Amino acid sequence: MIEARNVSKFFSIINEDRTADGVTAVLSVSLTIEDGKIISLLGPSGCGKSTFLEILGGLQAPTEGSVFIDGVQVLEPLPSTRKEMEVYRRKYKLLSPLANSMFKNRPKHDIAMIFQDYAVFPWMTVLQNVMFALKLRGIPRKEREGKALVYLRKVGLTDSLRKYPSQLSGGMRQRLALARALSVEPRIILMDEPFAAVDVLTREHLQDDLLRLWDETGVTIVMVTHDTDEALYLSDEIVVFSPNPGCIRNRFAVNTERPRRRSDPELLDLKSRINSLFKYDSIHESWYSI
Amino acid sequence: MSKSINSMSKLKSVLRLIFREIGYFFKGAAGNLFTWEFITILIPLLALWELLPRLGVVNDRLVPPLSEVAVTFWVMVTQRGFLSDIGNSMVKFFLGLGLAIIAAIPIGLLMGWNISIRKRVLPLFQMLSPIPPPAWVPITIILFGVGLPMQTFLIFLAAFYPILFNTYQAVKDTDPRYLASARIFGASELTLILRVYFWHSIGAIIMSVKTGIAMGLVMLVIAEMYGGRTGIGYILNEAKDYFRISQMVVCMATLGMIGWFLIEVLKFVEIKLAVWKVGR
């Protein structure tokens, strides 16, 4: 179970005219995600959903609030007073708060993450990529190859084991990322716009694959997307974010039985309800919620 | 019995593999140089070099023709032990370059990896690196005396900074996506350095070693000219004193060949190490 309590994230940025500005990327988001569900974080770009996902995964520290995965805090929030700042500095002098440990491979939480641009290592072959992830999870050397092959077969990549990611198509690279994430058998997979960079046909195919694998493994999936159709087709619950500042606008449960049809009237009805939440402001070139 | 036969055949297959790779290397290296397009330029140039002094168009005492240079080379090899001079120079060069690589790449990795190390160490190198390596010659002669340590140190110094700074820069610019995905799987910082930072910057590191080779060769000649009684640089300097122009040309051509050969070796290493980059 993932529990986010009043998570906020503030940035300071420097404008083009060299003035400083504060940006509220995420404002006071509370969210509880049950095990074994597919949750979509949906919203127009710039609504803080990716930042929120990275906070869930422990890749960014929240400015305020905290995230718990099965009761364990993911990252402590950033210091707010001067005294806390000193303690924080001293504590993280050499290793950043994001680091696991100096010498021992050991994940902090049982999660895996998939990025929009795959982030599979281009200097490793398909097989090596998966085996590397297994190594990091402390799987003994002998079992790694067999296990990697199992998951590569599940995504249909057994023919390209010795290829490098640069020799694969975008869809195949995303399959590799999926196999790598699943191979460590995590309880939770975080996905940051996983299918945004592939063409529509491949995307639908990958979505079906994802559903099949989710059904087999029962993993919890938290997915960031800006594609309403994708969110409707895949998820049990859609959390709609609204921009400026990024916060939860609305939550929709999708109760339609799987397998779903993309043109299911129930889904289309929900789609129009979700889309009517936003209007595009062509003067400021940004989305706002009604 | 069968075990020894087995190990023999294993050794044989390894040897065969090594020879095949060496064959590929020379094929590739020569192929880069001797294309038909280039040979049509090279042969007329060599012919001009031979003919112009012979026909008296230029003074043949100042510009010795090709054949004379070739004869001088042969004489130097057979009578003066030129090969041992080359070997001597190479020992110094590889000692210096090897030390530079061994020192610069880890320091560069550490500096690129951690901001707290970077802040403590980088300013020192930034202060020292603008000193041109030849300016170190007098003080190293006093500190180390004339000989191998001094020459090795100078070559080390010349190759060290380019490798260090390029490595550090490339490591610092490692894509945070890769770091994030490795950390989520549970990578320790040591694993990140060895398996992510290093491989992500391998292209820049090899490039920097190429620069290091060029700088090191410069410093090799300078070091041998100023201190020592062996090596190519020494012979070059000596030839100047006795006005043996063809010997100078032999030394220059040898240095050029060595530089070219080492760069080709590195290209080969790059293909072997960064296979994944070649496909792009």
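Me: What pattern does chain B follow along the sequence?
Reply: In this predicted model, chain B reads α-α-α-α-α-α-α-α-α-α-α-α-α along its sequence.

Me: And how many helices and strands is that for chain B?
Reply: Chain B has 13 helices and zero strands.

Me: What does the C-alpha trace of chain B span along its principal axes?
Reply: The trace of chain B spans about 75 × 55 × 45 Å.

Me: What share of chain B counts as buried?
Reply: Of its 280 residues, 31% count as buried.

Me: For contacts in chain B with a separation of 6 or more, what share comes from residues 24 or more positions apart?
Reply: Such pairs account for 72% of those contacts in chain B.

Me: Let's pick a helix pair. How do α8 and α9 of chain B cross?
Reply: Helix α8 covers residues 176-185 of chain B and helix α9 covers residues 189-200. Their axes come within 11 Å and cross at roughly 160°.

Me: Roughly parallel or antiparallel, then?
Reply: Angles over 145 degrees count as roughly antiparallel, so α8(B) and α9(B) are roughly antiparallel to each other.

Me: Left-handed or right-handed crossing?
Reply: The crossing of α8(B) past α9(B) is right-handed.

Me: Which residues meet there?
Reply: From α8(B), B:Tyr178, B:Leu179 and B:Ala182 meet B:Leu192, B:Val196 and B:His200 of α9(B). By class, that contact has five nonpolar residues, one polar and no charged.

Me: Switching to the A–B contact. How many residues does each chain put in?
Reply: Chain A gives 32 residues to the contact and chain B gives 21.

Me: Which elements of chain A give two or more residues to that side?
Reply: Those are β6 (111-114) and α3 (126-136) of chain A.

Me: And the classes on the chain A side?
Reply: The side of chain A that touches chain B has 21 nonpolar, six polar and five charged residues.

Me: Where is A:Phe121?
Reply: A:Phe121 sits in the loop between β6 and α3 of chain A.

Me: What does A:Phe121 touch, leaving out residues up to four places away in sequence?
Reply: A:Phe121 touches A:Asn129 and A:Phe132, plus B:Tyr178 from the other chain. B:Tyr178 is one of the α8(B) residues that meet α9(B).

Me: Is A:Phe121 buried or exposed, and why?
Reply: A:Phe121 counts as buried because it has 22 C-beta neighbours inside 10 Å, and the cut-off for buried is 20 or more.

Me: Last one: how far is A:Phe121 from A:Lys83?
Reply: Their C-alpha atoms are separated by 40 Å, with the two residues 38 apart along the chain.

Key:
Residues numbered from 1 in each chain as written. Chains lettered and ligands numbered in written order. Predicted model: local features only at pLDDT ≥ 70, side-chain atom pairs only at ≥ 80, totals over all residues. Contact = placed C-beta atoms within 7 Å. Helix = DSSP H or I, 4+ residues; strand = E, 2+ residues; numbered from the N terminus. Nonpolar A, V, L, I, M, F, W, Y, C, P; charged D, E, K, R; others polar. Buried ≥ 20, exposed ≤ 12 C-beta atoms within 10 Å, placed from the backbone. Axes fitted to C-alpha atoms, helices over the stretch in contact; angles between N-to-C directions. Parallel < 35°, antiparallel > 145°, perpendicular 65-115°, else oblique. Left-handed = near helix turned anticlockwise from the far one by under 90°.
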